[in-house]
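Look at the structure first, then read on.

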Amino acid sequence: MTAKLFRTSMAVAVSVMVLSIALFMGMLYQYFSDQMMTELESETWLVSHGVELDGMDYLNGLHTTSRVTWVAADGTVLYDNEADASTMENHADREEIREALTSETGTAQRFSSTLSEQTLYVTQRLSDGTVIRLASAQKTVGLLLISMIQPILIILVLSLLLSAVLASRLSKGLIKPILSLDLEHPEDCETYDELTPLLSRLKRQNDTIQQQMNLLKQRQTEFAALTDNMSEGFLLLDRQGHVLSHNSGALRLLGVEEPEGEVNVLVLNREEPFRQAVDEALSGKRSQQMLHLNGRYCKLLANPVLADGKPAGAVLVLLDVTEQEQRDELRREFTANVSHELKTPLTSISGIAEIMQSGMVKPEDIQSFAGDIYQEAQRLIALVEDIIRLSRLDEGAESLEREPVNLLSIAQDVARRLDSAAQKAGVTLKVMGLSVEVRGIPSVLDEMVYNLCDNAIKYNHPGGTVNVTVAPTDDGSAEVTVEDTGIGIPVEDQSRVFERFYRVDKSHSKEIGGTGLGLSIVKHGASLHGAQIHMDSQVGRGTSVQLLFPHHE
Ligand code: ADP
């Protein structure tokens with residue numbers, strides 16, 4: 001803009017200068033012409049008087065730069081100081097001669113063939129009727145210009161220099177207030193009045209942009225807060241697979257750090273199923289994969305984002321399905337185990353019944369065979385009962401009504417029910433401690449204590465003891481400990497005995513009558529009540545299982 005202003009100012013200055021010079025030259029020319037005419041007139045007057053007095057002698061002695069011609073009244077040239085008078089044609093028809101003959105003086109201005117120049121003529125009639133004519137070549141504008149070229153050029157160069165300096169200062173001076181405008185705060189600018197509407201508009205636009213930026217920022221914050229609180233992972237990819245947006249859940253599930261700058265999603269995970277899902281989504285196909293990430297199961301849903309029917313990116317959603325997978329696995333195992341456990345006694349019953357049916361059994365043996373059937377049936381009943389208990393805990397035990405339960409009363413009740421079993425096994429069962437209440441589900445708490453005591457009797461030696469202790473703890477909660485002097489559990493099995501159907505000694509389990517579900521019911525019940533289980537056992541010396549209930553207000 002500065003350059004344009006400079007150029008415009010210079011163009012104006014040069015045009016004005018050229019026009020001024022042209023006008024000046026015109027005026028100068030006019031002035032010189034008038035001056036010449038006046039001089040020629042007065043010289044003509046002088047020469048006329050000289051000729052009046054001395055005639056031809058005067059003319060012969062005259063020294064002048066003008067051309068002097070003496071013409072007779074009939075137009076014959078009598079004298080000419082620049083040409084031979086006798087060879088000159090008759091001048092009677094010349095405009096200035098005719099004028100002098102009629103009105104004493106005359107003037108004319110024309111191109112002279114003799115002088116071959118633009119010429120001024122002045123004539124004066126003498127008393128004898130002859131005419132004196134003086135002529136002088138008139139300088140043309142071109143000639144005048146050429147004679148003045150030097151001063152004009154000097155003036156032109158000086159003026160141009162001056163114009164350039166002034167134009168430069170002017171343009172800079174004009175632009176300076178515009179350059180110093182603070183476009184962030186246009187309302188504070190003091191500048192040309194003509195710019196005020198523009199600045200007001202700018203301020204309005206700035207305000208609108210600011211408002212929209214704030215709104216955008218707020219939306220972004222809300223979006224980030226929402227997605228970061230999601231347990232699911234979320235990744236938004238562009239057409240090339242670069243991560244445009246992600247939440248912290250995605251990074252957590254993929255087990256990676258916050259990426260620096262724009263990265264390709266395959267940098268976050270290079271496993272084949274992940275790569276396959278991303279490729280398919282980016283080529284416009286929905287895809288689903290199961291990933292095994294850092295010991296956890298993740299379901300990856302990859303959906304293409306289409307724009308005008310073409311893939312423009314993809315959305316990846318990661319769901320942690322570890323619990324669900326583990327539950328499914330457990331259920332599969334459980335079903336397989338249950339079928340197996342149910343099949344064993346049923347096969348025995350069926351086998352014995354088949355022998356009896358064939359009539360091969362002696363009547364005195366029938367009682368023993370029936371006893372076997374009875375025992376197998378009892379095992380089946382115990383198993384089914386445990387399965388029912390466990391599935392009751394699995395399905396909605398949380399919704400069962402909780403109430404204050406006295407743990408000592410429960411322990412005493414269990415001991416009473418197990419008294420005959422203990423006697424049969426030759427084991428002494430004792431309940432000790434104080435009356436303590438917890439909030440819980442009475443039937444579940446009863447099953448837990450029952451199973452612990454049942455095990456302590458079953459896996460004991462004749463003459464052994466089982467001590468059940470109920471006591472409040474220092475922090476106001478309660479503990480129940482079932483301690484026996486039985487066979488004990490090897491260290492490597494201690495963590496596994498709480499699994500469903502896990503038994504340490506599988507070969508003896510039939511005669512002992514365990515189902516392998518007792519301790520898993522205890523574990524399930526404990527987690528329902530938020531209780532902890534501590535097991536301490538030594539092979540050949542005995543086992544102690546402690547239930548530690550949390551403190552309830
Ligand atoms: P079961 O019905 O077979 O007793 P449990 O789940 O109650 O099933 O116990 C699992 C296994 O843990 C048992 O088979 C037994 O091997 C072992 N066990 C449980 N309690 C005791 C204990 N007090 N002493 C020794 N072993 C035990």
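Helices here are DSSP runs of type H or I with at least four residues, numbered from the N terminus. Ile410 sits in one of them, helix α11, which spans residues 407-417. The model is a predicted one.

Is Ile410 buried or exposed? Ile410 is buried, because its relative accessibility is 10% and the cut-off for buried is under 20%. Its C-alpha lies 6.0 Å from the C-alpha of Asp446, while 36 residues separate Ile410 and Asp446 in sequence.

**The ligand site**

| Residue | Atom on the protein side | Distance to a ligand oxygen |
|---|---|---|
| Asn455 | polar side-chain atom | 2.8 Å |
| Tyr459 | polar side-chain atom | 2.7 Å |
| Leu519 | polar backbone atom | 2.8 Å |

How much of the ligand does the protein cover? On its own, the ligand has 520 Å² of accessible area, and the protein covers 96% of that.

Arg67 belongs to strand β1, residues 67-71. It counts as buried because its relative accessible area is 2%, under the 20% cut-off. Which side chain does Arg67 meet in a polar contact? The partner is Asp80, and the contact between the two side chains is 3.1 Å.

Ser48 is placed in helix α1, residues 2-54. Ser48 is also buried, at 2% relative accessibility. Where does its side chain reach? It comes to 2.5 Å from the backbone oxygen of Thr44.

**Positive phi in two loops**

Asn294 is not a glycine, yet its phi is positive, at about 45 degrees. Asn294 lies in the loop that links β8 (287-293) and β9 (296-307). It counts as exposed because its relative accessible area is 58%, and the cut-off for exposed is over 50%.

Asp308 is another residue other than glycine with a positive phi, near 55 degrees. Its place is the loop between β9 and β10 (310-320). Is Asp308 buried or exposed? Asp308 is exposed, with a relative accessible area of 82%.

**Arginines over rings**

Arg110 lies over the face of Tyr121, and its distance from the ring centre is 4.3 Å. Arg500 takes up a position over the face of Phe334, at 5.1 Å from the ring centre. How many aromatic pairs does the structure hold? There are three aromatic pairs.

**In brief**

Arg67 is buried and contacts Asp80. Asn294 is exposed in its relative accessible area, and so is Asp308.

Conventions: Residues numbered from 1 in each chain as written. Predicted model: local features only at pLDDT ≥ 70, side-chain atom pairs only at ≥ 80, totals over all residues. Heavy atoms only, no water. Phe/Tyr/Trp six-rings, centres within 6.5 Å; stacked < 30°, edge-to-face > 60°. Lys NZ or Arg CZ within 6 Å of the ring centre and 35° of its normal. Polar contact = N/O pair within 3.5 Å; in protein donor to acceptor, adjacent residues only side chain to side chain. Areas by Shrake-Rupley, 256 points an atom, 1.4 Å probe, with all protein chains shown as cover. Buried < 20%, exposed > 50% of the residue type's maximum accessible area, 1.4 Å probe, protein only.
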